[in-house]
Amino acid sequence: MILKQVELKILHWMINMRKKTIIDLKNVDNLKYEKELYEKGISLIGGIDEVGRGPLIGNVTAACVILPKNYKLDGLTDSKKISQKKREILYDIIMKDAVSVGIGEASPKEIDEINIYEATKLAMKRAIENSKIKPEHLLIDAMKLESGIDETSIIKGDILSISISAASVIAKVTRDRQMIELDKKYPMYDLKNNKGYPTKKHIEAIEKYGIIKEHRKTYEPVAKVLRRENCNEK
């Protein structure tokens, strides 16, 4: 089943809210939310973020990162604003410095079964479960998780919170590496360059070569190809 209209409206609302939030990057204190929690005696703060909602292929990937108290790392911000080379460098530093890192994913099959919004929450909860240390509080990028742990949802959190920025980088590099490996198996889709997003080349490859098991079958234009194949079989 294609995503229901109400689910699409939720996703569009979230995207529009993020676009409308204008931030002066020069004056951002990306420890603001962490400091507020430190003052309450909370030090194990889990930053939560995800990547991979929009691609036509692969998992949606989330990370839960607990950083040392008052941690600072030059250049760390929203992973989408960082070059691939710099992301790889920051990834290695974060993995070395972090108190704990948990990775969680939801598969294309799960995305098709429960929709991308619910699959994103599932991936985030798995990231928390896979953290060797349980967070006392969660800072989440623009999502309400209701995991049983106290949480704060922050619009543009991947910029405003260093913990979420760290999770953004870990999730992004993790998923990108998966796409690079998948590209070796299916080079015709150019996944190493488009990371599974619906670029013109990716869509043309789907039309020419068909779909593979890693594609999300409820996403257009993958669903379009499936409908056409089903019609041809009748």
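Visitor: In which helix does glutamate 118 lie?

Guide: Glutamate 118 lies in helix α5. Helices (H or I, at least four residues) and strands (E, at least two) are DSSP runs, numbered from the N terminus. Before we go on, please keep in mind that this is a predicted model, in which local features need pLDDT of at least 70 and side-chain atom pairs count only at pLDDT 80 or more, while totals for chains, interfaces and linings use all residues. Residues are numbered from 1 along each chain as its sequence is written, and side-chain values use heavy atoms, with hydrogens and water left out.

Visitor: How many helices and strands does the chain have?

Guide: There are ten helices and five strands in the chain.

Visitor: Is glutamate 118 buried, partly exposed or exposed?

Guide: Buried means under 20% relative accessible area, exposed means over 50%, and partly exposed is in between (1.4 Å probe, protein chains only). Glutamate 118 has 33% relative accessibility, so this residue counts as partly exposed. For the chain, buried residues make up 50% of the 234 residues.

Visitor: Which residues of α5 are buried?

Guide: Here is the general idea first. An α-helix has 3.6 residues a turn, so residues three or four places apart point the same way. In α5, the buried residues are Ile116, Tyr117, Ala119, Thr120, Lys121, Ala123, Met124, Ala127 and Ile128.

Visitor: What span should the 14 residues of helix α5 have?

Guide: The expected span of a helix is 1.5 Å times one less than its number of residues. Helix α5 (residues 116-129) should therefore span 20 Å, and its end C-alpha atoms are 20 Å apart, which agrees.

Visitor: What happens at the start of α5?

Guide: Look for a polar contact, a pair of N or O atoms within 3.5 Å; within protein, one must be able to donate a hydrogen and the other to accept it, and residues adjacent in sequence count only if both atoms are side-chain atoms. At the start of α5, asparagine 115 has a side-chain oxygen that reaches to within 3.0 Å of the backbone nitrogen of tyrosine 117. Asparagine 115 sits in the loop between α4 (108-114) and α5, and its relative accessible area of 10% makes this residue buried.

Visitor: What is the phi of asparagine 115?

Guide: Most residues other than glycine have a negative phi, and most peptide bonds are trans. Asparagine 115 has a phi near 85°, a positive value in a residue other than glycine. Aspartate 190 also has a positive phi, near 55°. You will find aspartate 190 in the loop between α7 and α8 (191-194), buried with a relative accessible area of 10%.

Visitor: Where is there a cis peptide bond?

Guide: Glutamate 220 and proline 221 are joined by one, with omega about 5°. Proline 221 is in the loop between α9 and α10 (222-233).

Visitor: Which residues is histidine 202 in contact with, leaving aside its neighbours within four places in sequence?

Guide: Contact means heavy atoms within 4.5 Å. With those neighbours left aside, histidine 202 is in contact with Leu56, Ile57, Tyr189, Leu191, Asn194, Gly196, Tyr197 and His215. Histidine 202 lies in helix α9 (residues 200-209) and is buried, at a relative accessible area of 0%. Its side chain also reaches the backbone oxygen of tyrosine 197, at 3.1 Å.

Visitor: What does serine 165 touch?

Guide: Not counting residues up to four places away in sequence, serine 165 touches Leu76, Thr77, Asp78, Gly157, Asp158 and Ile159. Serine 165 lies in helix α7 and counts as buried at 0% relative accessibility.

Visitor: How far apart in space are lysine 156 and aspartate 78?

Guide: Their C-alpha atoms are 8.6 Å apart, while in sequence the two residues are 78 residues apart. Lysine 156 lies in the loop between β5 (151-154) and α6 (157-160). Across the chain, of the contacts between residues at least 6 apart in sequence, 65% join residues at least 24 apart.

Visitor: Which residues line the largest cavity?

Guide: On a 1 Å grid over the protein atoms alone, a cavity is a set of points where a 1.4 Å probe fits but cannot get out, and lining residues have an atom within 4 Å of a point. The lining of the largest cavity is Leu31, Glu34, Tyr38, Ser43, Ile45, Leu67, Pro68, Tyr71, Ile162 and Ser163.

Conventions:
On a 1 Å grid over the protein atoms alone, a cavity is a set of points where a 1.4 Å probe fits but cannot get out, and a pocket is an open set with protein on both sides within 12 Å along at least five of seven lines; lining residues have an atom within 4 Å of a point.
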